[in-house]
Amino acid sequence: MNCRRCNGLMGPVSLLDPLHETGKLWTVAWQCVNCGEIVDSLILQNRENLPPPLIGHARLKKFNPVSRSSSKRNSS
Ligand SMILES: [Zn+2]
């Protein structure tokens, strides 16, 4: 198995996962020896269920500037 980030070699690692749905305390994952990327079955499942990126649809900026009059406290 090769890393999706850097195409490096991945090896099995045991991770403590007390919230795993099977109830097992330890789970086996794969870790890249180059960049440290860790993937397990849940991460792979979530990546497959991720919706594709919306090409040409930029995320709108939500910017609420704080006005000076509301941010200052009145000392009098
Ligand atoms: Zn990697």
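**Note on the predicted model: confidence and the sheet**

1. Across the chain the pLDDT averages 82, and 87% of the residues score at least 70.

2. Where pLDDT is low, the predicted coordinates should not be read in detail.

3. As to the sheet, three strands form an open arrangement in the order E1-E2-E3, and their pairing is antiparallel. Because E1 and E3 stand at the edges and each has a single partner strand, one side of each is left without a neighbour in the sheet.

4. The pairing of strand E1 (residues 10–16) with strand E2 (residues 26–32) runs over seven bridges in the antiparallel sense, and within this pair Ser-14 stands opposite Val-28 of E2.

5. On the E3 side, E2 and E3 pair over two bridges, again in the antiparallel sense, with Trp-30 standing opposite Val-39 in E3. These two strands, E2 and E3, form a hairpin in which five residues lie between them, and in the turn Gly-36 has a positive phi of about 85°.

Note on methods. Residues are numbered from 1 along each chain as its sequence is written. This is a predicted model: local features need pLDDT of at least 70, side-chain atom pairs count only at pLDDT 80 or more; totals for chains, interfaces and linings use all residues. pLDDT is the predictor's confidence in each residue, from 0 to 100. Two strands pair if DSSP finds at least two bridges between them. Helices (H or I, at least four residues) and strands (E, at least two) are DSSP runs, numbered from the N terminus.
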